[in-house]
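Subject: Model for you to look at

Hello,

Here is the model I promised. Please open it alongside this note; my findings follow below.

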Amino acid sequence: MTEISPDIATETSEADPNRPAPEAAEGVSLPGSGSGPTSDPERELWPAMLKGWRLKCPSCGSGPLMRGYLTVTPVCPVCREELHHQRADDGPAYLTILIVGHLMAPLLLVVFEIWRPEPLVLFTIFAVGCVGLSLYLLPRLKGAMIGFQWARFMHGFGRSG
Ligand SMILES: [Zn+2]
């Protein structure tokens, strides 16, 4: 304790007369060097992803996120949040295949083992089920992924705020 306190005292006493500016510079650089720009407030991850899942703007939650089935609205018509920064790319398709595959493959085995339906019946049910579930999940997973990117200030989402 006796060793630490004189060091701090000497450092501060040396720093104070020479440069009062470094403390102010550190204070400015700390939020800037952290994650995300300083002007943007904290964005909560799960509400933003839930809004995206509901195909709503991750910022306000009321404007439509999609213009068509998968086309993202460039700017939210309600809150004017720029949504064209999104880079969902192949992520939603990857997640859709992952989820549908891991749901339907075991289900196919269970249905076959229990009921032993006709092959054509089994194929028809699971073809329709896989396509339907994929079409349901794909835009919602894309919305959730955009919400994730928005909440994490990714791909230019931070600069617009
Ligand atoms: Zn909005």
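A definition to start: a helix axis here is a line fitted to C-alpha atoms over the stretch in contact, and angles between N-to-C directions run from 0 to 180 degrees. Keep in mind that this is a predicted model.

The helix pair

Look at α4 (residues 91-115) and α5 (residues 119-151). Their axes come within 8 Å and cross at roughly 150°. Angles over 145 degrees count as roughly antiparallel, and α4 and α5 are therefore roughly antiparallel to each other. The crossing of α4 past α5 is right-handed.

On the α4 side, the contact includes Leu-95, Ile-99, Val-100, Met-104, Leu-108, Val-111 and Phe-112. On the α5 side, Leu-122, Phe-126, Leu-133, Leu-137, Leu-141 and Met-145 are among the contributors. Gly-91 of α4 and Gly-129 of α5 also take part. By class, the contact residues are 17 nonpolar, four polar and one charged. Lys-142 of α5 is in the contact too.

Most residues other than glycine have a negative phi. Two residues here deserve a look.

Leu-55 has a positive phi, near 60°. Leu-55 sits in the loop between α3 (45-53) and α4. Its C-beta has 15 neighbours inside 10 Å, so Leu-55 counts as partly exposed.

Arg-116 is not a glycine either, yet its phi is positive, at about 45°. Arg-116 belongs to the loop between α4 and α5. With 9 other C-beta atoms within 10 Å, Arg-116 is exposed.

Best wishes

Methods
Residues are numbered from 1 along each chain as its sequence is written. This is a predicted model: local features need pLDDT of at least 70, side-chain atom pairs count only at pLDDT 80 or more; totals for chains, interfaces and linings use all residues. Helices (H or I, at least four residues) and strands (E, at least two) are DSSP runs, numbered from the N terminus. Angles under 35 degrees count as roughly parallel, over 145 as roughly antiparallel, 65 to 115 as roughly perpendicular and the rest as oblique. A crossing is left-handed if the near helix is turned anticlockwise from the far one by less than a right angle, and right-handed if clockwise. Two residues are in contact if their C-beta atoms, placed from the backbone, lie within 7 Å. Ala, Val, Leu, Ile, Met, Phe, Trp, Tyr, Cys and Pro count as nonpolar, Asp, Glu, Lys and Arg as charged, and the others, Gly among them, as polar. A residue is buried if 20 or more other C-beta atoms lie within 10 Å of its own, exposed if 12 or fewer, and partly exposed in between; C-beta atoms are placed from the backbone.
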